[in-house]
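Please read these notes with the model open beside you. They go through it point by point.

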Amino acid sequence: MKNSRMKRLVAVAFFLATAITVGAQTVEGQRGSDDFKIGVAGFTYRKFSLEETLKTLQGMGVKYLSVKDWWLPLNSNKEQMDKFKATCAKYGVEGYILGPIYMNSEAEVDRAFDYAARYGAKMFIGVPKYELLPYTIEKVKATGIRVAIHTHGPDGLPFPDIEKIVEMVKDPKLGVGCCMDMGHSVRMGQNIARDLKKYKDWIYDVHIKDETDASQKGQTWEMGRGVIDFRPIVKALRKIKYKGVLSVEFEKNENNPTPGVAESVGYLRGVCDATK
């Protein structure tokens, strides 16, 4: 039963993805997927130029991109940033957030906040070392720029899950919250829908993907083919009235990610439509 349901949903995803890729038009505002901003996490296109990436996103009708520093280096000046934004706008895409930016010293924390300030960002995705968290909170207070800490699961990097962020930051009003990587959440054995509702005030950004296994050995897979049931997740996102971006992250097939991204985007749209 589960396999037949999955096959039907995957078939729907392929149809939607194909329709999107060939430029089929839909009426915005009338589908469940219109309730969410769907984007792509920049790490997905780590082997591609900015314009190659933007052209691909345009073809899928994706309007949001999380920006990695290989496209916009951390030492970029205001003129370079304005040029970057203009290039994104040419393809109808918004570079809506910067990062993840890893911060291993106070100097690197300063650099990250200066980078975000030049970009005009109100928030960026950051990963400070644990001992730098108090300094990071001070910088948030001084600049008004919030930090969404990216979760990294059971692989030994700082902040494996949202529970660790909550434990260490303690107060969501301090401006340091979570960029929840749902793939890593399931690899930690967590109930994502429950955590979204429990920690709703901490959810600043979302990286969404499927996994082959709900354990450390899990690897990114096309959405709908893996172990994650996205229906309760989408329902939870509706319940907490999440207004941020759902950035599809596809770590598989780094030299040719687009078929998997298109399938995943189509699948996500289908699930959002089905849970309207």
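**Notes on the model**

1. Strand 6 and strand 7 pair in the parallel sense, over 4 bridges. Two strands pair if DSSP finds at least two bridges between them. Helices (H or I, at least four residues) and strands (E, at least two) are DSSP runs, numbered from the N terminus. Cys178 stands opposite Ile203 in strand 7.

2. This is a predicted model, in which local features need pLDDT of at least 70, side-chain atom pairs count only at pLDDT 80 or more, and totals for chains, interfaces and linings use all residues. Residues are numbered from 1 along each chain as its sequence is written, and side-chain values use heavy atoms, with hydrogens and water left out.

3. The average pLDDT of the chain (the predictor's confidence in each residue, from 0 to 100) is 91, and 89% of the residues score at least 70. Over residues 1–26 pLDDT stays under 50, and the model has 30 contacts beyond four places in sequence for them; contact means heavy atoms within 4.5 Å. Where pLDDT is low, the predicted coordinates should not be read in detail.

4. Of the 6 residues of strand 6, 6 are buried, so the strand is largely enclosed by the rest of the structure. Buried means under 20% relative accessible area, exposed over 50%, partly exposed in between (1.4 Å probe, protein chains only). Strand 6 also pairs with strand 5 in the parallel sense, over 4 bridges, and Cys178 in strand 6 is the bridge partner of Ile149. From strand 5 the chain crosses through helix 6 to strand 6, a right-handed β-α-β crossover. Right-handed means that, with the strands pointing away from the viewer, the path from the first strand over the helix to the second runs clockwise.

5. Which residues of helix 6 (residues 162–169) are buried? They are Ile162, Ile165, Val166 and Val169. Seen down the helix axis, they fall within an arc of 95°, so they line one face of helix 6; the arc is that of the directions from the axis to the C-beta atoms. Their cover includes helix 5 (133–143) and helix 8 (192–198). Helix 6 is followed by Lys170, whose phi is positive, near 80°.

6. In strand 1 (residues 37–41), 4 of the 5 residues are buried, so this strand is largely enclosed by the rest of the structure. Strand 1 pairs in the parallel sense with strand 10 (residues 245–248) over 4 bridges, and with strand 2 (residues 64–67) over 3 bridges. Strand 1, helix 2 (residues 50–60) and strand 2 make a right-handed β-α-β unit.
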